[in-house]
Structures are given as C-alpha cells and as structure tokens.
Amino acid sequence: MAIFKQVNEKYETQEAAINLLNYIRRGAYGWGNYPGFIPGDGEIFWAQMNYYKNYFGKTGGNLLEHYVLSFDTFCYEKDVPLGIIKTCAYILAGLFIEFQPVWGIHLHDTHYHIHLVINTVSVIDGKKYHKSPSEFKRLLIWLADELKDYHIALVPVTYYDETGRLKYGNVPSTFLYQNKDPFIYG
C-alpha cells in the first residue's frame, strides 16, 4: 500500500531550498532531475530553479514543494523490485515536468520512498504552482491508475481485496494484499 503525501513544510529561504535539494540526493539509491538541468549539487539545481523565479518575478513565498511517495516494502510491497520503484519516480517527475522536478529514492528497512521536489514556478508560463484539495484528489486518482499497472495500491484510492483483485476506494478491513501472489503480480 503506497502512500503519496505533500510534506507540510515551507521552504522560504534559499538555504532551506538548497538543504532540501541536497537532502533528497544524499544517501539516495538513485536520483534524477529535470532534463534541462546542468548536473551538480543542490546549490546548482537551486540556481537553475531560481533563474525562472527571477525571470517571471516570482521570488517570494514558498520556494519549493516537497512530496513523498512511500512504499511498505517490509510487508505489502516487498515483492516490488527497485526497478519498478524507479519507474514510479519517472512517472512522478513526468507529471510535474514543467516545474523542474528533482527526485531521490531512499531505501529504509521498513519502506522505500521517493522524495520529489518541484519549483513553485512553471518554466513554461511562469504560473505559480497550486493544488486545491479537489485537484490533489484528482492527482491521487491519476497516480493510482498509473500504479495499478505495477500492481501497487495507493491508499486511500485503491486496494487489493481478499481475492487479489484491485478495488477503488478506501481499504474496508485488514485483508489488504492478503492473497497477492508475488509470482503473478511481481
């Protein structure tokens, strides 16, 4: 059961932005960035993001948005290979491509997770990034549809029932993934 959430923290200074960008790359199993970026560390990535903020005159407020897609690789997604998790990172980055995504996969004992950081200013039209609750819900539904191709349920949008079938909605009981066969779904 994967969980996608927005980190409820503001990154309002350049130092906070650079620290976040360095954090998601530090100790990451794998990482990636916006295709147009010059390679480097967090400071170099931040300079490229800040260029668009300055160009469009939108340098104030929250400078970056931070999301995490977390997998229960200790239990429910233990049969999901790292290659699929990396594919999920590319899917997320593609969704936010106009906001210069930077991502890193962190491997913890109980769960693997993808940190995704995006600029709050679009490189296409200079619009500020914003997701209302209804837009975020649509984003979750879209992400759940993408993840189902890899037999990963996204809480609270999808789950696997006791027969191993993917269902839409919140998990009704404790049988989540009970009959998920790794040889069929792996």
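1. Helix 3 (residues 82-95) lies across strand 1 (2-6), strand 3, strand 4 and strand 5. Its angle to strand 5 is about 20 degrees. Angles run from 0 to 180 degrees between N-to-C directions, with axes as lines fitted to C-alpha atoms, for helices over the stretch in contact. Contact means heavy atoms within 4.5 Å. Helices (H or I, at least four residues) and strands (E, at least two) are DSSP runs, numbered from the N terminus.

2. A word on the source. This is a predicted model, in which local features need pLDDT of at least 70 and side-chain atom pairs count only at pLDDT 80 or more, while totals for chains, interfaces and linings use all residues. Residues are numbered from 1 along each chain as its sequence is written, and side-chain values use heavy atoms, with hydrogens and water left out.

3. Helix 4 (residues 133-148) lies across strand 1, strand 3 and strand 6. It runs at about 150 degrees to strand 1.

4. The sheet is open, with six strands in the order 2-4-5-3-1-6 and mixed pairing. Strand 2 (30-33) and strand 6 (154-155) are the edge strands, each pairing on one side only. Two strands pair if DSSP finds at least two bridges between them. Strands 4 and 5 are antiparallel partners over six bridges. Glycine 104 has histidine 115 in strand 5 as its bridge partner.

5. The largest nonpolar core holds 28 residues. Such a core is a set of buried Ala, Val, Leu, Ile, Met, Phe, Trp, Tyr and Cys residues joined through side-chain atoms within 4.5 Å. Buried means under 20% relative accessible area (1.4 Å probe, protein chains only). Phe4, Leu69, Ile114 and Leu154 touch the most other members. Helix 3 gives the most to this core, six residues.

6. Leucine 69 has contacts that include Phe4, Cys88, Ile114, Leu147 and Leu154, not counting residues up to four places away in sequence. Another core lies apart, with 16 residues, among them Leu20, Ile24, Leu63 and Val102.

7. Helix 1 (residues 14-25) has twelve residues. Its buried residues are Ala17, Ile18, Leu20, Leu21 and Ile24. Seen down the helix 1 axis, they fall within an arc of 160 degrees, so they line one face of the helix. The arc is that of the directions from the helix axis to the C-beta atoms. They pack against helix 2 (42-55), strand 3 (64-71), strand 4 (102-107) and strand 5 (112-119). Just after helix 1, glycine 27 takes a positive phi of about 70 degrees.

Conventions
The expected span of a helix is 1.5 Å times one less than its number of residues. Buried means under 20% relative accessible area, exposed over 50%, partly exposed in between (1.4 Å probe, protein chains only).
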